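Here is a short briefing to read alongside the structure. Take a look at the fold first, and then walk through the notes below.

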Amino acid sequence: MITRITAAGSVFLAAACSGLPEEPVPPPLPARPGILAGDDLPAVRALLREDNPSASFGLPDGTTSSVLVMLPPPLSDKELMSPARPVVFDILIDAEGCYLDRRDTPDVVRLIDIPCTPYRRPRR
């Protein structure tokens with residue numbers, strides 16, 4: 001009985017040790033805020049409109065701030081109030097490039113072939 005437990009333990013130990021990487025993997029670089037160039041803004045808006053063709057956008061627009069805001073649809077004639085809220089995206093840059101990080105969900109939209117520049121707060 002003891003030899004069976006020892007044999008099983010050595011098999012689990014060997015399996016656990018064989019899965020370790022040889023070299024430690026460096027942690028990913030943290031994402032930092034970015035802004036879009038003014039001429040790239042229509043391409044980003046078109047990308048976000050694929051899911052919602054009637055979307056409109058508010059301020060800030062992503063060219064002066066690291067935030068992009070998509071407004072909810074307007075009320076219809078028969079509506080008095082709506083629980084809809086604006087969708088806010090943070091513009092971030094990491095090692096893979098630029099992406100939009102939606103604040104209210106874990107959704108991320110990668111901006112392929114759309115460059116971002118690091119955001120620098122204006123001096124007062």
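**A buried serine and its surroundings**

Ser66 counts as buried because its relative accessibility is 14%; buried means under 20% relative accessible area, exposed over 50%, and partly exposed in between, with a 1.4 Å probe and protein chains only. Please keep in mind that this is a predicted model, in which local features need pLDDT of at least 70, side-chain atom pairs count only at pLDDT 80 or more, and totals for chains, interfaces and linings use all residues. Residues are numbered from 1 along each chain as its sequence is written, and side-chain values use heavy atoms, with hydrogens and water left out.

- Ser66 sits in the loop between β2 (56-61) and β3; helices (H or I, at least four residues) and strands (E, at least two) are DSSP runs, numbered from the N terminus.
- Beyond neighbours within four places in sequence, Ser66 is in contact (heavy atoms within 4.5 Å) with Pro33, Gly34, Ile35, Phe89, Asp90, Ile91 and Tyr119.
- Arg32 belongs to strand β1 (residues 32-36), and with 43% relative accessibility Arg32 counts as partly exposed.
- Not counting residues up to four places away in sequence, Arg32 touches Ile91, Leu92, Ile93 and Pro118.
- Between Arg32 and Pro118 there are 7.2 Å in space, C-alpha to C-alpha, although the two are 86 residues apart in sequence.

**The chain as a whole**
- Two helices and seven strands make up the secondary structure, in the order α-β-α-β-β-β-β-β-β from the N terminus.
- The chain has 124 residues, and 25% of them count as buried.
- Among contacts with a separation of 6 or more, 46% join residues 24 or more positions apart.

- Apart from neighbours within four places in sequence, the contacts of Leu36 are Leu41, Val44, Gly62, Thr63, Ile91, Leu111, Ile114, Pro115 and Cys116.
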